[in-house]
Amino acid sequence: MTRPEDPEATEADEGRRTGRCLCGAIAFATRGPSLMSAFCHCPSCRRASGAPVVAWAMFPTDRLEITRGEPRSVASSPGVRRRFCGDCGTALFFESKEIEGLVDVTIASFDDPEALAPAMHIWDRHRLEWLDSGAGLPRHPELPPTE
Ligand SMILES: [Zn+2]
Ligand SMILES: [Zn+2]
């Protein structure tokens, strides 16, 4: 049911994905497939996100469009730029001189994060031990029962 004259249908064909930060001040869109996706266990991602692990999807930089707002940035290591929302702090983008022309986007900030499942773990030597050892712990769909 694709109509070529319909711009939205064309965007869908190109695999356009949208996302935003928690407060909505920053919004973005990517086009085309992710080149790679991974859980990153490195200490920098951990601190930058305040979370034990960060899931990233990689895109060519020219396939990322910031559609609203202006992210702030920090050089977390030499040659590395992390961009985030200056209002709410959501971690959004990672770029490094070592992967020039590519940008990592936090999968959790996409509107449909289910569509971008991580394919591997990277920097696994930094993985927090309890992240996996917690596999056998009780799982609650939401909050635990009060008694
Ligand atoms: Zn925000
Ligand atoms: Zn990392």
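Buried residues account for 24% of the 147 residues in the chain; a residue counts as buried if 20 or more other C-beta atoms lie within 10 Å of its own, as exposed if 12 or fewer do, and as partly exposed in between, with C-beta atoms placed from the backbone. The model is predicted: local features need pLDDT of at least 70, side-chain atom pairs count only at pLDDT 80 or more, and totals for chains, interfaces and linings use all residues. Residues are numbered from 1 along each chain as its sequence is written, while chains are lettered from A and ligands numbered from 1 in the order in which they are written.

The C-alpha atoms fill a box of roughly 55 × 45 × 30 Å along the principal axes. Three helices and 10 strands make up the secondary structure of the chain. Helices (H or I, at least four residues) and strands (E, at least two) are DSSP runs, numbered from the N terminus. In that direction the elements run α-β-β-β-α-β-β-β-β-β-β-β-α. Of the contacts in the chain with a separation of 6 or more, 58% join residues 24 or more positions apart. A contact requires C-beta atoms, placed from the backbone, within 7 Å.

Seven strands build an open sheet with mixed pairing, in the order S6-S7-S8-S9-S4-S3-S10. Two strands pair if DSSP finds at least two bridges between them. Strand S6 (72-74) and strand S10 (120-122) are the edges, each pairing on one side only. The twist averages 30° from one strand to the next. Axes for such angles are lines fitted to C-alpha atoms, for helices over the stretch in contact, and the angles run from 0 to 180 degrees between N-to-C directions.

Ser 73 lies opposite Arg 83 of S7. Strand S9 (residues 102-106) is mostly covered, with four of its five residues buried. Five bridges link S9 to strand S4 (residues 54-60), again antiparallel. Here Met 58 faces Asp 104 in S9. Strand S8 (residues 91-96) also pairs with S9 in the antiparallel sense, over two bridges. Phe 93 is set opposite Val 105 in S9. The hairpin of S8 and S9 has five residues between the strands, and Gly 101 in this hairpin takes a positive phi near 85°.

The largest nonpolar core contains 24 residues. Such a core is a set of buried Ala, Val, Leu, Ile, Met, Phe, Trp, Tyr and Cys residues joined through C-beta atoms within 7 Å. The residues with the most contacts inside the core are Cys 40, Val 54, Trp 56, Ala 57, Leu 92, Val 105 and Ile 107. Strand S3 (36-40), S4, S8 and S9 each give two or more residues to this core. S4 gives the most, with five. Beyond its neighbours within four places in sequence, Cys 40 contacts Cys 45, Val 53, Val 54, Trp 56, Ile 122 and Trp 123.

Trp 123 sits in the loop between S10 and helix H3 (129-133). Its phi is positive, near 55°, in a residue other than glycine. Most residues other than glycine have a negative phi. Trp 123 is classed as partly exposed because 16 other C-beta atoms lie within 10 Å. Met 120 belongs to strand S10. With 10 C-beta neighbours inside 10 Å, Met 120 counts as exposed. Met 120 and Ala 25 are 95 residues apart in sequence, and their C-alpha atoms are 31 Å apart in space.

A further open sheet holds three strands, in the order S1-S2-S5, with antiparallel pairing. The average twist is 25° from one strand to the next. Four bridges join S1 to strand S2 (residues 27-30), and Thr 18 stands across from Ala 29 in S2. S1 and S2 form a hairpin with six residues between them, where Gly 24 in the turn has a positive phi of about 90°. Four bridges also join S2 to S5. Phe 28 has Ile 66 in S5 as its bridge partner. In a regular strand the side chains alternate between the two faces of the sheet. S2 has a covered face, Phe 28 and Thr 30, and an uncovered face, Ala 27 and Ala 29.

How values were computed: Two residues are in contact if their C-beta atoms, placed from the backbone, lie within 7 Å.
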